[in-house]
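Let's take a walk through this fold together, one piece at a time. Have the viewer open and follow along.

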Amino acid sequence: MIKLLIVDDEQIEREGMQAILERNFPDLIIKQAKNGKMAVELADDFIPDLILMDIKMPGLNGLEAVEMISAKHSDIKFIMVTAYDTFGYVKAAIKLGVKDYVLKPSKVAEIKATVGKVLEQIKQEKIRQNKNMLQEAALQKTLTLVETDVVTQLLFDHVHEVHVDMLVEMLDISSTNEMFAMIVLLPAGSETKYSMIKNKVREKKSGWVGALYGNQLPIIVFRQPNQTYRSQASTLAREILSISKKEENLNWFIGIGRVCNSLDDVRKSYQDALTATMITKASATYRFYEDIHLDREIMKGHMDKNQQKAVADQLRLGNWEEVHGIVMRLIQRFEKEETNLLHAQQRILEVLWLASRVLNDMGVESATPLFPVQTVDYRQLRVETVQLLERMKQAVAIYYNHLEADTIQQIKQYIMDHSHEDISLDTLARKVGLSPIYISKMFKEKQGINYIDFLTECRMEKAKRLMNDTEKSIKEITFEVGYHDPNYFSKVFKKVTNISPKEYRKTLLGNKG
C-alpha cells in the first residue's frame, strides 16, 4: 500500500483532490494536512511515500515545508500543486527534488497522469527494495553457513583458501594477522543460547563461531589492534557468560588458547583452549592456557606422550577394557600418592577429554565428558569415571550402527543435485546421519578434496554451461548456481578458472564465431 498526503490550506481543494485520487487509485492510503506546519508534523508520524504540496499557504509555505520534510525523510517524493506557473517557483521546486507539479485548476486526466507517473516510480522502487532485502537476507544466511563450516574445517580438517579470503572480506573482519581460539562449554539444554552467542561475537566483528558439537562451541577470534590479547579475550568471555542467567553461570566455562599468526596454526590454539577447559577451578568461569603453566601443582600428574598415545591407540582399536584399565590404574596411583582429590579429578578429566578428541577425529560425535560435581572421595571418582567411559563407548556403538558403505556416494549425489542451494556440513550430516566433523574428514580422505571444493566445482561447471545461453546475464547465473552476490561469484569463478565470467563468455562467443 502506498501512502499519500495532501497539503492545502483550502479544505474544498483537499477534498476535491482526495475524491479524484480515490476514484483513480483506490489502493492509496490518503491523509490531509491544512498547512505546512501540520504537514511537517504529520510526515513524522504518517511517513507518506508521496506528498501533494500546495505552494502558497499562510505561515510555513509549501517550499519551506518540502525543505524541512526532505531533511528528515529523503525517500518521500513531492508533487507541487499551485496556481502560480512561474519560473521562480519551478526552479526552487526542482532544486528541492520535487518530481512534478500540477496547476490549479487542473483536469482530472492531467492529475491522473502526473500522479500516476510518480506512483509507478514509487512502486518500482519498492519492488527493488524488497528484492534487495531478500537477496541480502539470503546472502547473510549463506555467510552464516559458510562461517560455521569454515571454523569446523579449520579446526578439524582444512578449507580452500578462496573461501577463507572471501569470508574475511565479506564479514568485514578488521584484522587477520593474529588470532586465537576460544571454547565455550555449555550445560545440557543450552542450545537455544547458540544464536545469542553468535550475535554477541558478530557485534564485535572480531570472530567466527563454529557449530555446536555436544556441549562444546568453538570460536576463532581475530586480534584487535586497539586492545591487548588478554583484555580482548577477557572482555569477550565475560560478555558471552553474561548471556546465561546467574544461576547457570556455574555451569558455563570458557577456555582460551594462545595467539597464533595464521589460520593454518589455529588448530594449535584450539588444542590450547581444550586444555584450558580441562583444568578448571571451582571459582573460575574462564581460563587462559598460558595461566596453566603458572600453577605447578595443577600440572603435576599429566600423562606423558607415550601414555597419551597408548590411550589413543586402544580407542582406535576398540579395546575399551584396555582404556578402562589405564584410567583405573591412574586413579589408583593418585590415591596411593595421596594426591589432592580435586587435582586427581582434573587429571582424570584430562584423560577423558583426550579420549573424546580421539573419538571426534574418528567421526564419533559425543557430549564432552564432564563430572557433574566435585567428587568427595576416590570411590566416587571411580564410579563417575566409569559412567563417563561407558557413555563414550555407547556413542561409538551408535555411530557404527549408522555408518553405511555408500555414504560418500550419497553425499556426492546430494551435493550435485542440490549445488544451487545453501548446503552446509550440518545439512549433509542430517542427510546421512553422521557427525559433521566425520563427514568433513571422510570426504577429504576418500575424495582427495574438501567438500566445499567439490560443491564449488559443481557450481562452476553449471555456471560454464549456463554461460552458453547469451540471454542469461551474469547476475542471473549467479543466483541460478547458488550464490547470492555477483561480485563474490565472479571472484570465486576467477579463482577457480583463472578467468573472469565475462572473459569466459567472450571466449565461448569467439569459439562459436
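This is a predicted model: local features need pLDDT of at least 70, side-chain atom pairs count only at pLDDT 80 or more; totals for chains, interfaces and linings use all residues.

Once you set aside the neighbours within four places in sequence, Gln232 is in contact with Phe180, Ser206, Val221, Phe222, Arg223, Gln224 and Gln227. Two of the names in that list, Val221 and Phe222, will come back when we get to strand β8.

Before going further, zoom out for a moment. The protein chain holds 22 helices and 10 strands. Of its 513 residues, 50% are buried. If you take the contacts between residues at least 6 apart in sequence, 68% of them join residues at least 24 apart.

Now for β8 itself. How many of the residues of strand β8 (residues 216-222) are buried? The count is 7 of the 7, so the strand is largely enclosed by the rest of the structure. You can check this face by face: Gln216, Pro218, Ile220 and Phe222 are buried on one side, and Leu217, Ile219 and Val221 are buried on the other.

Strand β8 has its partners in the sheet, too. With β6 (residues 179-185), β8 runs antiparallel, joined by 7 bridges, and Val184 stands opposite Leu217. With β7 (residues 207-209), the pairing is also antiparallel, over 3 bridges. There you'll find Gly207 opposite Val221 and Val209 opposite Ile219.

There's another sheet to look at. This one is open as well, with 5 strands in the order β2-β1-β3-β4-β5 and parallel pairing. Its edge strands are β2 (29-33) and β5 (100-103), each pairing on one side only. Neighbouring strands are turned by 20 degrees against each other on average, direction ignored. Inside the sheet, β3 (residues 50-54) and β4 (residues 77-82) run parallel and are joined by 5 bridges, with Ile51 standing opposite Phe78 of β4. Helix α2 (residues 36-46) lies across β1 (3-7), β2 and β3, and its direction is at about 150 degrees to β2.

Take helix α13 (residues 320-336) and helix α14 (residues 341-362): their axes come within 9 Å and cross at roughly 160 degrees. Angles over 145 degrees count as roughly antiparallel, which is why α13 is described as roughly antiparallel to α14. The crossing of α13 past α14 is right-handed. At the contact, Trp320, Val327, Leu330, Ile331 and Phe334 from α13 meet Ala344, Arg347, Ile348, Val351 and Leu359 from α14. Sorted by class, that gives 9 nonpolar residues, no polar ones and 1 charged.

For the other pair, look at helix α16 (residues 407-417) and helix α18 (residues 436-447), which pack at an angle of about 95 degrees with their axes 11 Å apart. That angle makes α16 roughly perpendicular to α18. Here Thr407, Ile408, Ile411, Lys412 and Ile415 of α16 meet Ile439, Met442, Phe443, Lys446 and Gln447 of α18. By class, this contact has 6 nonpolar, 2 polar and 2 charged residues.

Definitions and conventions: Residues are numbered from 1 along each chain as its sequence is written. Side-chain values use heavy atoms; hydrogens and water are left out. Axes are lines fitted to C-alpha atoms, for helices over the stretch in contact, and angles run from 0 to 180 degrees between N-to-C directions. Helices (H or I, at least four residues) and strands (E, at least two) are DSSP runs, numbered from the N terminus. Angles under 35 degrees count as roughly parallel, over 145 as roughly antiparallel, 65 to 115 as roughly perpendicular and the rest as oblique. A crossing is left-handed if the near helix is turned anticlockwise from the far one by less than a right angle, and right-handed if clockwise. Contact means heavy atoms within 4.5 Å. Ala, Val, Leu, Ile, Met, Phe, Trp, Tyr, Cys and Pro count as nonpolar, Asp, Glu, Lys and Arg as charged, and the others, Gly among them, as polar. Buried means under 20% relative accessible area, exposed over 50%, partly exposed in between (1.4 Å probe, protein chains only). Two strands pair if DSSP finds at least two bridges between them.
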